[in-house]
Amino acid sequence: MRKERILIIDDDPDIRDVLDLSLSEHYTVLAASNGREGLEMVKAKNPDLIITDYNMPVMSGTEFCSHLRRDILFRHLPVIMLTGKGETKDMVIGIEAGADDYLVKPFEPETLLARIRMILKRTTRSLDANPLTHLPGNSSIMEEFQTHIDNGQPFAVGYADLDKFKIYNDKYGFERGDDVIRSLARILIDATQQSCGPEAFVGHVGGDDFVFICDDSKADAIGQKTIDDFDTLAPQFYSDEDRAAGFITGVDRQGNAIKTSLVSVSIGIVSNVNQKITHVAQIGELGAELKKYAKSIGKSNFQRDQRNR
């Protein structure tokens, strides 16, 4: 697994050595002695996070941040700024220049490591977020899968997507279709948070495909609330005429004329209770199989894999 790269920018070689010693077990550490050298290192090595001193010769930490944020390729890179106790009143300048966080020297290595982990995770999710719903995307979803596998505790993954959605999009347009997708996202968030609290995870795979991850004992309740709430809301997506008729007509992917009922949601639930799950691809394979079966029912439902494997 690739180690994330952290660039240290500090004119004090002792500070660089201390940071290298603190971080090198967990990260690949790069070093520069001033902001200008740091900018060159950013372009050459593309680090994942930067730790910069506040006061440096040639180019200070605030000047470095200002230059970095003007570069469209690197403006997303997270920056932690280090400052001495007497400089804390100036840190607002560093934050305004683009620093994401700061630490006052001297600091505990454990504190710095915790800040780094938090910022890297937050940055990954921000960059990975789906632009329509702002929910975590595939990289974050895979990370959550792996975390639950490694923990070894009972968990379940629900794969949810919309049925008859292509026909709806064809008739009502993508803007209205996006409203339906956002509505499903909100319903999933509400259902998982109601059962699991603020630690609930909902991810957006793409299009109208979503996942939720939870304790196995909560999965059925989340699935049931999702389909109940979505079916209650679904008629509002249609015109009065189509809502009264209870169906719309359109063309399927093979070009055949068809008549479809209102859009619905199907959910396949994968759990490690009845089977051993050892890798993330296994979750995807089982989820796709269960969701396919759920979609064959023809109305909103959830299906759980009950087989022992």
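Helices here are DSSP runs of H or I with at least four residues and strands are DSSP runs of E with at least two, both numbered from the N terminus. The points below use that naming.

1. The model is a predicted one, and its mean pLDDT over the chain is 89, with 94% of the residues reaching 70 or more. Confidence in the chain is lowest in helix α4 (residues 91–97), where the mean is 68, and highest in α9, where the mean is 97. Where pLDDT is low, the predicted coordinates should not be read in detail.

2. Asn46 is found in the loop between α2 (35–45) and β3 (49–53), and its phi is near 50°, a positive value in a residue other than glycine. With a relative accessible area of 37%, Asn46 is partly exposed. Lys164, in the loop between β6 and α7, likewise has a positive phi although it is not glycine, the value being near 60°; Lys164 is partly exposed, with a relative accessible area of 23%.

3. A cis peptide bond joins Lys105 to Pro106, with omega near 0°. Pro106 belongs to the loop between β5 (101–105) and α5.

4. Helices α5 (residues 109–128) and α6 (residues 138–151) pack with their axes 8 Å apart and at an angle of about 135°, and are therefore oblique to each other. On the α5 side of the contact are Lys121, Thr124, Arg125 and Asp128, which meet Asn138, Ser139, Ser140, Glu143 and Glu144 in α6.

5. The loop between α5 and α6 holds Leu135, which counts as buried because its relative accessibility is 8%. Apart from its neighbours within four places in sequence, Leu135 is in contact with Ala129, Asn130, Ala185, Ile189, Val202, Gly203, His204 and Phe210. Leu135 and Pro154, by comparison, are separated by 19 residues in sequence and by 24 Å in space, taken from C-alpha to C-alpha.

6. The open sheet is made of 5 strands in the order β7-β8-β6-β11-β12, and its pairing is mixed. Its edges are formed by β7 (201–206) and β12 (301–304), each of which pairs on one side only. Direction ignored, neighbouring strands of this sheet are turned by 20° against each other on average.

7. Within the sheet, β6 (residues 155–163) and β8 (residues 209–215) pair in the antiparallel sense over 7 bridges. Two of the residue pairs can be followed directly in the structure: Gly158 has Phe212 in β8 as its bridge partner, and Phe155 stands opposite Asp215 in β8. Strand β8 is mostly covered, with 5 of its 7 residues buried.

8. Strands β7 and β8 also pair in the antiparallel sense, here over 5 bridges. The two strands form a hairpin with 2 residues between them, and Gly207 in the turn has a positive phi of about 55°.

9. Helix α8 (residues 174–196) packs on the sheet, where it touches β6, β7, β8 and β11 (264–271), and its direction makes about 0° with that of β8. The helix has 23 residues and reaches 32 Å from its first C-alpha to its last, which is close to the 33 Å expected at 1.5 Å a residue. After α8 comes Gly197, with a positive phi near 80°.

10. What does Thr226 contact, leaving aside its neighbours within four places in sequence? Thr226 is found in helix α9, and its contacts are Leu184, Ile187, Leu188, Ala191 and Ile267.

Methods:
Residues numbered from 1 in each chain as written. Predicted model: local features only at pLDDT ≥ 70, side-chain atom pairs only at ≥ 80, totals over all residues. Heavy atoms only, no water. Pairing = 2+ DSSP bridges. Axes fitted to C-alpha atoms, helices over the stretch in contact; angles between N-to-C directions. Contact = heavy atoms within 4.5 Å. Expected span 1.5 Å × (residues − 1). pLDDT = per-residue confidence, 0-100. Parallel < 35°, antiparallel > 145°, perpendicular 65-115°, else oblique. Buried < 20%, exposed > 50% of the residue type's maximum accessible area, 1.4 Å probe, protein only.
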